[in-house]
Structure formats: C-alpha cells, structure tokens
Amino acid sequence: MIPPHDDPPTTRAAAPGPVGRIRFMDAQRVNLDGFAVENPELGLIALSSPYDPEPGLVLEDGVVTEMDGVKAADFDAIDAFIAAHGLDLTVAVEAMALSDVAAARMMVDPSIPRSEVVWLCAGMTPAKLARVLALLRPAELVMAMTKLRARRTPSNQAHVTNRLDDPLLLAADAATAAAFGFRELETTVPVLADAPSNAVAVSIGAAVGSPGVLVQCSVEEALELELGLRGFVSYAETVSLYGTEQVFTDGDDTPWSKAFLTSAYASRGIKMRVSSGAGAEVLMGGAERRSMLYLESRCVALARAMGAQGVQNGGIDGASVAGSVPRGVRGLMAENVMVMARNLESCSGNDALMSESDVRRTARTLPILLAGSDFICSGFGSIQRYDNMFGPSNWNAEDIDDYLAIQRDWGVDGGLRTADTGAIAALRERAAQAARAVYSWFGLADFTDEQVAAAVDAAGSKDLPGSDPVAVTNAARLIQETGLTMADVVTALQETGFEPEAERLLDMLKVRVGGDCLQTAAILTPEMRVLSLVTDPNDYTGPGTGYEPTPERQAEIDAIRQRRSVEDLRREQAAYASDALRPAGPAVQRGDPREVVIGVSPATGRDIWVTLSGLPVVEALRQLLAGLEEEGCVARIVRFHDTIDLGMIGLSAARLSGSGIGIGLQAKGTALIHRRDLAPLANLELYSIAPVLSAEDYRLMGVNAGRHAKGGTPEPARNPYTDEAIEARYHTRVVSLVAIERACCRAGAGPEELTL
Amino acid sequence: MTRAYSGRPVESVTVDAVRRGEVTRDDLRIHPETLEAQAVVAERHGNPQLAANFRRAAELALLPDEDVMRVYEALRPRRSTAAELSDLAEWLDGRSCHRNAALVREARDVYARRDLTR
C-alpha cells in the first residue's frame with residue numbers, strides 16, 4: 001500500500017508541494033487508512049479476478065468428476081470435501097444452467113420465496129455462487145439480505161474482554177452487555193492460561209444481565225473445545241476456515257479435522273459456527289491470484305459441506321484488507337449474503353475496526369444494520385477500544401449511544417436496547433458480587449469490597465486502581481486443575497445467595513440436552529424460547545411481510561435515554577424559578593427620549609427561566625439593563641402576552657418606548673433591537689443563535705440599543721460563530737420552549753410592566 | 001419430554017438437585033436419539049449436511065471426551081500416517097461410529113494424495 005503523496009525521488013528542483021486545500025484534505029483521518037491499487041497477482045481484488053475459474057460441474061453416475069474447471073484427480077482438499085459433501089446433486093444441473101443474472105434476480109425478487117433460492121443455491125459450485133453475488137449492487141444486497149437471512153428476528157453479538165482479564169470487571173461488563181440486548185457474548189484472553197477464568201466470569205455476568213445469553217471464549221481450537229465440554233461456554237465460533245489448501249493447512253487443520261470438530265461440538269449439544277472472511281488468504285500471502293469473493297465462496301461452500309450451522313464472515317480480521325481495494329466493502333456484505341443463500345446463519349462481521357474514519361466505518365455497517373442479519377456484528381465491542389483483546393471493533397462502547405440512535409432514526413432492530421441507567425448500576429454490582437462469591441467459594445481468589453466497588457464504577461480497566469495478574473492466572477490454573485465444571489459453579493451461586501443466577505446458568509446447561517440451539521441461527525430469548533431457522537423462519541416476501549418489531553420492541557428502540565418531552569423541559573425550567581420578575585401593572589407609552597423598552601415574551605420569568613445557552617433569563621435582562629445604563633439610558637421591562645413572535649415583541653416595545661428604540665427578548669434567549677418605524681420583520685440588530693450567547697453579548701446589545709436611542713449608528717453586534725451541530729443540539733428544546741411560550745399566550749391581553 | 005444421556009428427564013435436573021450432588025455429568029449430556037431427532041428437523045429445513053453432522057455427532061455422543069479430543073488431533077494435518085488413519089477408522093467402527101469411520105477413511109485417501117499424512 002502506498003501512503004498518500006509519497007513523491008518519487010527526483011533530482012530536479014523540488015516540485016511545489018500540494019496547495020493548502022490538498023494539504024488540509026491529506027490531514028483528515030480517512031487518509032490514515034491504506035488504499036491499495038487493485039492487484040490480482042496478490043489477491044488484492046474484491047469481487048472477481050481474471051484468474052477466478054469458470055464455473056462448471058461435471059457429474060458421472062452421481063459423482064462429481066469435475067468442478068469449476070478442476071478434474072477430480074486434481075482436487076485439493078477443499079475441492080474434494082465440497083465435491084463429496086457440499087452440493088445437492090439433484091438440483092445442481094438446473095442450478096448451474098441458470099444464468100448468473102437470473103440467479104441474482106431471484107435473490108433480490110421479493111416474490112420468489114427464500115426457500116426456492118436456498119434450494120437452488122445448494123446446487124451451485126463456489127465459482128458459480130461467487131459470480132452471482134458479484135452481480136448484486138449495494139441496494140440489491142440490502143434486499144437480498146432482508147429476504148435471505150435465516151432467522152426472522154435480527155440479533156447482535158458483543159465482545160467482552162479487558163486488558164487485565166479482571167474477573168470482576170468481566171462479570172460487570174458481561175451483565176452490562178446483556179442488559180443492552182446482546183444475545184451472544186464473546187470473550188478472549190491476552191494471556192492464554194486465563195481462558196477458564198474469563199469464561200466463568202463472563203458466564204456469571206451474562207447470567208446476572210439476562211437469562212439465555214450464549215457465551216463463548218475464543219481461544220485455540222482444542223482448548224476451546226475443552227472449555228465447551230466442561231460447560232464453561234455455551235457456543236463456539238473460533239473454528240477457522242480458509243479458501244486455499246495451503247493457508248488452511250498452515251492453520252493446522254484440514255476440512256476433515258474441522259468437520260470432525262463440528263460434530264464434536266454437536267455431540268455435546270453445543271452451538272457452533274465457523275469463521276472465515278475476505279482478506280485472510282491475502283494477508284498470509286496465499287491468495288493464489290483469486291478474488292476475495294471467490295475464495296470466500298469456497299469457505300462458505302465448505303462450511304455447508306461440513307454441516308456447520310453458521311458462518312462468521314464479512315472480513316473479520318481481513319476486513320481492512322478488503323476495505324483497501326475497490327468494491328471491497330461491498331464484497332464483505334456479499335459474503336454475508338452468500339452465507340444466507342447457502343441456508344446458514346450469518347454472523348456478519350462488522351467487528352474488526354476497518355477504518356480510522358468514523359464516516360467510513362459507519363458506512364461499512366449501515367446497509368447490514370438496515371437489512372438486518374442473524375447477528376449484525378460478530379463482535380460489537382461492548383467495552384472500550386483499549387480493553388478489546390480482539391483489537392478495537394468497528395463498533396465499541398464509545399459508539400453504543402450512536403448505534404442506539406441510528407436504530408431509532410431508521411426504525412430498525414439492530415439487536416440493542418437502552419438499558420436503564422439505574423438498572424445498569426445494580427446489575428454491575430450484582431455481577432461483580434456474584435463473581436467474587438464464586439471465586440471465594442472455590443478458593444480461587446479473594447476480592448475486597450474496594451475491588452468490587454472499582455469494577456462496578458469502572459468505564460474500563462484503566463479505572464481499576466491496581467490489579468494482580470498473577471491472581472487471575474492462579475484462579476484459572478485452579479479451575480483447570482481441580483476439574484471444576486459449570487455444574488459446580490451453579491452450586492456455588494446457589495450456596496452464596498445468587499439463586500436466580502444459579503437457575504439461569506443451569507438452564508444454559510439444560511439447553512444442550514434439548515439440542516434445539518444446534519439448529520441454524522439459534523438464539524435464546526430472555527424467556528428461554530429458541531429463535532432459529534426452525535422456530536422463527538424469515539418469511540420476507542416484500543413490504544408488509546417479514547420481521548417487524550413488535551410495538552413493545554419498537555417502543556424500546558424509540559426510548560433512548562436522551563429523549564426529552566415538553567414536560568421534562570418544563571420541570572427542568574421550574575427548577576430555576578425565582579420571584580425576581582414581578583408584575584407592576586399595565587404598560588403605557590412614555591415620552592422620555594432616553595428611554596428604551598425591553599419587551600419580553602409571554603413565558604419569560606413565568607414558565608421559562610433559563611435561555612438555551614444556560615443563562616438565567618433574569619441575568620440576560622440584567623446585562624441588557626447594565627448596557628443601557630452604561631449609555632445613560634432609562635430602561636423599562638414590559639411583558640407582551642399576545643404574541644410569541646420576536647419581531648412583534650421588539651416592535652411593540654419600540655412603540656411603547658420614548659426613544660422609539662426597543663429590545664425584544666424571547667425567554668429562550670433570542671434577542672433583537674427594533675425601531676418603531678420599521679416593518680415587524682425588519683430589525684436593527686439580531687441575535688438569532690441563542691445557544692451560543694453569553695452575558696457579554698447581552699451587555700453589548702444593551703449598549704448598542706442605547707446608542708441607537710441616542711441617534712448613533714454603532715457597529716452591529718454579531719452572532720458568535722460556531723461550527724457545531726447547534727441545531728441538532730437545540731432544536732428539540734426550541735420546539736418545547738416555543739410550545740411553552742404558546743401556552744402562556746393570551747390574545748387581547750395588554751402589555752404588562754415588570755420590575756426586576 | 002427430553003431425556004438426557006443418562007435417561008433422566010431434563011426437567012428433573014434442578015438447582016437443588018445439583019446442590020445435593022444428585023446430578024451427574026450424564027444428566028446434562030445430550031442423548032444420541034435427540035441428535036437424530038434434530039437431524040430429521042435439519043433435513044426438513046433444507047440442510048442435509050447439517051443433518052449428516054448431527055448423525056456423526058450422535059455417534060460421538062457415545063464417546064468419552066478424551067477419545068473425541070484424540071480423534072480430532074489425529075485428523076489434523078500430518079499427525080497420522082495413512083495406516084494409523086485406517087486403524088483409527090477401524091477403532092471407530094468398533095464403537096459403532098460408522099459414519100465417523102467413513103469420514104476418517106475419506107480423509108486418509110485425500111491426505112495421502114495431498115501430502116497431508118505424517
């Protein structure tokens with residue numbers, strides 16, 4: 001990859017550098033990302049390489065003798081496994097004969113049911129399915145994903161890790177993630193030996209947060225299986241597939257060992273999916289000049305052939321490699337849709353941070369969030385970036401509120417919900433206490449009240465005062481050596497007063513016995529109902545069909561904690577109420593040529609007490625008065641009851657005033673200077689952006705009004721400039737404040753003098 | 001009613017029973033017949049490969065953890081000779097794991113051709 005503007009060495013006089021506009025653009029965060037020139041030789045090509053094979057399938061006596069241009073005798077291990085197990089030969093002839101465009105249209109067309117598409121795709125070779133997916137444009141991918149995902153109800157998965165493997169923090173963070181709605185939690189370790197401790201701590205925390213949350217610990221294949229066998233994790237995901245034989249065996253597995261592993265998990269009732277994703281082969285220098293989508297197509301075909309119920313793909317660790325080439329991000333989504341087309345659960349990437357740019361990383365995820373996937377992220381970092389031991393995610397604790405707001409903006413279910421602020425505190429406390437109790441029960445570690453309190457309040461591991469990494473490793477070693485199982489943890493929770501959590505953990509063990517979580521795309525609801533391809537099949541066939549949040553779920557999506565109603569604002573304003581402004585009878589016109597009237601809006605000092613900038617209204621008035629006094633003017637405050645229009649308030653004030661100059665002030669802080677001979681919508685000076693006005697600005701407006709009254713022409717005061725999203729920040733409050741003003745308005749009521 | 005590997009109805013596995021030490025590992029283990037039933041469901045939902053996986057799993061459900069780990073290890077690249085894989089398949093046949101035995105034999109043949117044997 002080439003850094004931007006790395007000028008070639010030259011012996012001539014240095015060429016002038018880029019102009020300021022370009023230097024400025026260079027300095028933006030997106031230019032920290034690497035962008036590669038497409039290069040099929042290195043596999044740096046997203047959707048189709050000139051070296052991708054022609055799709056093709058030859059059958060003889062019900063056996064595959066040639067696939068995608070390779071004869072059976074030359075099949076590598078991946079071809080051989082797919083040819084032997086992966087293709088539905090009863091439909092293969094029809095599927096391979098279908099044109100690429102016809103197949104692509106079937107994926108998008110809502111009138112063709114999902115079942116028909118997956119039935120046909122079962123007969124397509126890897127090269128064929130890759131070609132079909134490469135035809136889908138972004139909006140078509142959204143349609144295809146909406147229709148083809150296995151489970152009707154979308155969901156999401158979180159990472160829960162920290163730099164210290166601190167069990168109390170892991171438990172508190174797992175409970176928090178569960179409270180935010182994540183139905184799968186994935187942990188891992190910076191120190192491999194800590195794995196059993198992390199698995200136990202996260203499982204306890206998850207059980208505190210919600211019933212039915214699946215937990216995994218991503219470590220080396222054999223250790224992960226062992227954790228599963230002992231009940232410490234309830235699903236597995238780190239079963240990696242690669243698209244070339246070389247890279248696959250470098251990963252120390254073969255399709256057969258992985259297929260066996262898949263059955264091993266199922267034999268213990270443990271849900272599992274495999275992991276693949278574009279870019280992995282490129283990173284390992286083994287792409288064999290194929291496109292990323294074609295290599296991934298081999299992985300997905302293999303996943304189906306092995307009998308895995310689902311695939312985690314969409315780049316994963318190679319996401320930024322895919323993101324570096326043209327159409328790479330589109331390719332990541334095409335991979336997800338490919339998994340769905342093979343009738344498998346899609347855990348859709350959006351985990352590894354693929355850009356330094358907030359805009360790019362959001363754009364990468366948005367179509368998938370809009371379409372809905374079995375799991376939108378295969379690892380939303382529910383903890384802060386620095387605590388994510390997988391590396392920072394595309395979405396992190398820093399972004400949870402953003403994500404919740406985006407769900408609400410589009411009215412889509414991205415799997416998350418707002419967790420009640422008070423409930424989070426209580427859950428974190430209970431999770432940390434439960435972990436402490438279990439560790440103490442088994443003599444694994446003794447934690448202090450201070451450590452519990454620190455973990456409960458911590459926003460991340462950097463907030464923990466000190467920790468003892470040896471203690472964690474010791475605890476993990478004891479779990480490993482004493483042969484503890486999750487059933488023992490159930491007992492410990494019960495004995496130490498955590499009965500509901502004991503119940504929930506036992507339920508997770510009992511789920512294995514029933515086996516329903518082995519079916520495609522299975523998750524558990526908090527009521528312990530299994531949602532899967534079997535029990536909750538996606539039935540999208542166009543508008544008005546498919547998944548729609550229930551009214552309760554929609555309300556949950558809508559109810560972000562930052563929302564405010566007029567009533568909320570009224571209460572907020574009432575907290576600042578005072579008796580500083582008092583009515584002093586009807587206002588009349590006066591003749592003093594040094595007089596300036598300050599007209600205020602109906603709610604000023606009645607229901608509204610603080611301006612949008614946070615300044616008390618009374619203080620704004622005092623500043624105006626002080627400015628006028630500085631200029632030797634006489635001032636009067638008059639409240640107008642019959643209008644909330646600032647121009648009319650200012651003009652009416654000017655008409656009452658002896659000098660013919662008036663100031664208009666709305667309670668929210670907007671202010672202007674008016675003169676009695678001007679049209680209502682005209683003015684001499686205007687402060688239109690109330691949220692940025694300070695006491696000094698009102699003082700200056702008072703001074704200027706005084707100068708106008710004396711016949712001068714002062715330099716107009718200007719709105720302080722801001723490049724912040726000031727409207728986004730204040731418009732909802734403006735609407736509420738205007739509503740309050742409107743409610744105070746009384747037609748026909750005369751102006752009223754006020755004393756301050 | 002779902003029965004565990006031990007034959008015990010899973011509903012009878014309560015926290016109290018666990019605490020009293022009245023729950024064995026086999027009371028929390030899936031029964032091969034349950035896996036067969038799940039295989040039928042997977043077949044009905046358009047995924048014969050998932051069904052085949054569940055049927056291999058039903059065989060493995062009978063094996064102790066150590067044996068499962070051992071077979072997995074033997075199937076990894078260049079861990080076993082072709083002869084060792086043949087012996088392993090025979091051993092699996094001896095434990096009524098015929099589908100897994102077939103998988104190991106298939107692996108043996110491909111491994112020999114693709115230089116994946118020890």
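Of the 756 residues in chain A, 60% are buried, where buried means under 20% relative accessible area, exposed means over 50%, and partly exposed lies in between (1.4 Å probe, protein chains only). This is a predicted model, in which local features need pLDDT of at least 70 and side-chain atom pairs count only at pLDDT 80 or more, while totals for chains, interfaces and linings use all residues. Residues are numbered from 1 along each chain as its sequence is written, chains are lettered from A and ligands numbered from 1 in the order in which they are written, and side-chain values use heavy atoms, with hydrogens and water left out.

The C-alpha atoms of chain A occupy a box of roughly 110 × 70 × 65 Å along the principal axes. The secondary structure of this chain comes to 29 helices and 21 strands; helices (H or I, at least four residues) and strands (E, at least two) are DSSP runs, numbered from the N terminus. With contact defined as heavy atoms within 4.5 Å, 76% of the contacts in chain A between residues at least 6 apart in sequence join residues at least 24 apart.

The domain assignment, which is automatic or taken from a database, divides chain A into domain 1 (44-147 + 239-348), domain 2 (149-220 + 377-560) and domain 3 (569-755). The centres of domain 1 and domain 2 of chain A, taken over C-alpha atoms, are separated by 30 Å. Between these two domains of chain A, 21 residues of domain 1 are in contact with 20 residues of domain 2. The area buried there is about 1800 Å², and carbon and sulfur atoms give 53% of it; buried area is the accessible area (1.4 Å probe) that two parts lose on being put together, summed over both. The interface of domain 1 and domain 2 of chain A also holds 2 salt bridges, a salt bridge being a side-chain nitrogen of Lys or Arg within 4 Å of a carboxyl oxygen of Asp or Glu.

One salt bridge joins the side chains of E220(A) and R76(B) at 3.4 Å, N to O. R76(B) also forms a salt bridge with E73(B), the closest N and O atoms being 3.4 Å apart. R76(B) is buried, at a relative accessible area of 5%, whereas E73(B) is partly exposed at 31%. These residues belong to a network of salt bridges that links E220(A), E221(A), D252(A), D253(A), K258(A), E73(B), R76(B) and R79(B).

Within chain A, strand β16 (residues 595-600) is largely enclosed by the rest of the structure, because 6 of its 6 residues are buried. E595(A), V597(A) and G599(A) point one way from this strand, and V596(A), I598(A) and V600(A) point the other way. Two strands are taken to pair if DSSP finds at least two bridges between them. β16(A) pairs in the parallel sense with strand β17 (residues 634-639) of chain A over 6 bridges, and V634(A) in β17(A) is the bridge partner of E595(A). β16(A) also pairs in the parallel sense with strand β18 (residues 661-665) of chain A, over 4 bridges, where I598(A) stands opposite I663(A).

In the loop between α26 and β17 of chain A lies E631(A), 76 residues from R707(A) in helix α28 (residues 695-709) of chain A. E631(A) is buried, with a relative accessible area of 13%, and R707(A) is partly exposed, with 38%.
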